[in-house]
Amino acid sequence: MKTTSKYLLLGLFCSAVGLSSCTGLLDIKPVNSMTPETINDYESILLGGYPRSDYFYKTELMTDNAMVNLNTTYKPSAADEPWFLFASSHLLDNSPNDPYWGQLYKTIFYANTVLDKFKDVIPTSEEQSNYDRIKGEAFALRAYAYFYLINMYADVYAANNLELPGVPMPLDAVDVNEFSKNNVRQPLGKVWGQIEADLGQAADLLRGKPTNDRFRLNITTVQLLRARVSLFMGQYDQAIAFAGEVMSSAKLADLNTMQSYIDSKSNKYAFSGNVGFIDTDYNREILFFTAGRANNNIFYYAQAAFKPSEEILDLTKRNGNLVDYRQYLFDSFEDFSQPDGVMVGKTVYHMFATQEKYWFYIGFKASEAYVIRAEAYARKQQYSNALKDLNDLLVTRYKKGTFMGLKESDYSDKAGILKRVLEERRLETAFDGGLRFFDLRRLGKPEIKHAYKNGQEFVMRKDDPKYVLQIPQSEQNNSPNMPINPR
């Protein structure tokens, strides 16, 4: 078989599917100008499907994790305002092109291309392991993209929602191109079922094939996504099992390893400039990077307009000042008697710094498995198990000698245990993978208020239809019979 440089092939493939004006389900054209020939060729195609641009981050602006500081000289951008103000459309000036929708269907196109082509490939015995790994990764990547689409553009998973419109669900590359017309939103339950099926196939194919590449999905991240999906679907026994598998292989970092570094700095300057939280031992918890460069995220700069809410900072200080290392993620430590302090405000987001070495956004990390399993146990009223998982997590977050383990006897009302679990989940997953927006949806779509210019208050009311993003105008034009989301 002919051997083609995978990087040359990837370049040709990317050129073949280059983004253009949006005229259909996707901004891409089918791959007709190249013929992959080797297993490695297909691997190169699959690599092109991993998102390398933001496809979830602005949803943070619609949550209670975000607020605005208008005392800074850096004002909110016109593109970000619709998200923060809960506009009917999250797109600027009702632009027809939605980059989130387009990026995720582009990912599906790449995954489907590999899965389509693999139907005609008979691997040799020497190729079988690599063939299985690439095929499993393609199933995982497709499931990952549909998980994001269904959690942004359709209603939440619930027994009475299964027949509601989900999202278009092409399962081959032919139906994912700029010429596809009259696309159909498959029922919500069917899309979730496909996600489960794809992840099951991915797990079967990827098991026993570990990789240390944190920019690609593997058996550990597939099992973590299965735990996440099971939690969202209320399948708590499965969530417990999948999360437990992840916890057995993906270890937490003890944040006490930061202490000597923090002691060498003042609190204000411990994480700024060229050193972010992610540059510490914390980094080893991260299992999957995604969505492009995170150093320039909308919260990262000290004087950025959008800030983490004071509410999330307060969660790090409920047991005292400087005992929970996560406080360093969100506390500005500014002197508010000084003009510079007022411009920065109370909160910052110090996960990423501004150094030339950059990090991608966090897609999966080990601690999510702990809060998934703790929540599943709490919902099954297995409270001692839930608290054990929280204690195992929190002992790595608190300064040595300050953390007193949580006990079931501390809670006369057991609902308080679930509340604490959800608070720890909020802290652990803040600004990771768009999870706060997804959590608010599945936890009852509560009312969210954002204060803005001249004291004006914008409200996303309880059960607001805007908890579901609108189908892009381009897709409405292309598929005029497709139902759009209520407003």
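Predicted model: local features only at pLDDT ≥ 70, side-chain atom pairs only at ≥ 80, totals over all residues.
Visitor: Is phenylalanine 86 buried or exposed?
Guide: Phenylalanine 86 has a positive phi of about 55°, although it is not a glycine. Its relative accessibility is 3%. Buried means under 20%, so phenylalanine 86 counts as buried.

Visitor: What does leucine 322 count as, by its relative accessibility?
Guide: Leucine 322 lies in the loop between helix 10 (310-315) and helix 11 (327-330). Its phi is also positive, near 60°, in a residue other than glycine. The relative accessibility of leucine 322 is 19%, and the cut-off for buried is under 20%. Leucine 322 therefore counts as buried.

Visitor: How many nonpolar residues has the contact of helix 4 with helix 5?
Guide: The crossing of helix 4 and helix 5 is left-handed. By class, their contact has 2 polar and 2 charged residues. The nonpolar residues there number 20.

Visitor: Is helix 2 roughly parallel or antiparallel to helix 5?
Guide: Helix 2 spans residues 39-47 and helix 5 spans residues 128-153. Their axes come within 10 Å and cross at roughly 20°. That angle makes helix 2, relative to helix 5, roughly parallel.

Visitor: Which residues in helix 2 meet helix 5?
Guide: On the helix 5 side, the residues are Asn130, Tyr131, Arg133, Ile134, Glu137, Ala138 and Leu141. The residues of this contact divide into 7 nonpolar, 2 polar and 3 charged. Those in helix 2 are Ile39, Asn40, Tyr42, Glu43 and Leu46.

Visitor: How many residues of helix 2 are buried?
Guide: Helix 2 is mostly covered. Its buried residues include Ile39, Tyr42 and Leu46, each of which meets helix 5. Of the 9 residues in helix 2, the buried ones number 7.

Visitor: How are helix 13 and helix 15 directed relative to each other?
Guide: Helix 13 (residues 366-379) and helix 15 (residues 415-429) have axes that come within 9 Å. They cross at roughly 160°, in a left-handed crossing. The two helices are therefore roughly antiparallel.

Visitor: How many charged residues has the contact of helix 13 with helix 15?
Guide: Among the residues that meet are Glu368, Glu375 and Arg379 in helix 13, and Glu424, Arg425 and Glu428 in helix 15. By class, the contact also has 7 nonpolar and 2 polar residues. The charged residues number 6.

Visitor: Which residues is glutamate 408 in contact with, leaving aside neighbours within four places in sequence?
Guide: Glutamate 408 is in the loop between helix 14 (383-394) and helix 15. At 32% relative accessibility, glutamate 408 counts as partly exposed. Its contacts are Tyr383, Ser384, Leu387, Lys414 and Ile417.

Visitor: What pLDDT does the protein average?
Guide: Of the residues, 92% score at least 70. Over residues 1-24, however, the pLDDT is below 50, and over residues 27-33 it is below 50 as well. The average for the protein is 91.

Definitions and conventions
Residues numbered from 1 in each chain as written. Heavy atoms only, no water. Axes fitted to C-alpha atoms, helices over the stretch in contact; angles between N-to-C directions. Helix = DSSP H or I, 4+ residues; strand = E, 2+ residues; numbered from the N terminus. Parallel < 35°, antiparallel > 145°, perpendicular 65-115°, else oblique. Contact = heavy atoms within 4.5 Å. Nonpolar A, V, L, I, M, F, W, Y, C, P; charged D, E, K, R; others polar. Left-handed = near helix turned anticlockwise from the far one by under 90°. pLDDT = per-residue confidence, 0-100. Buried < 20%, exposed > 50% of the residue type's maximum accessible area, 1.4 Å probe, protein only.
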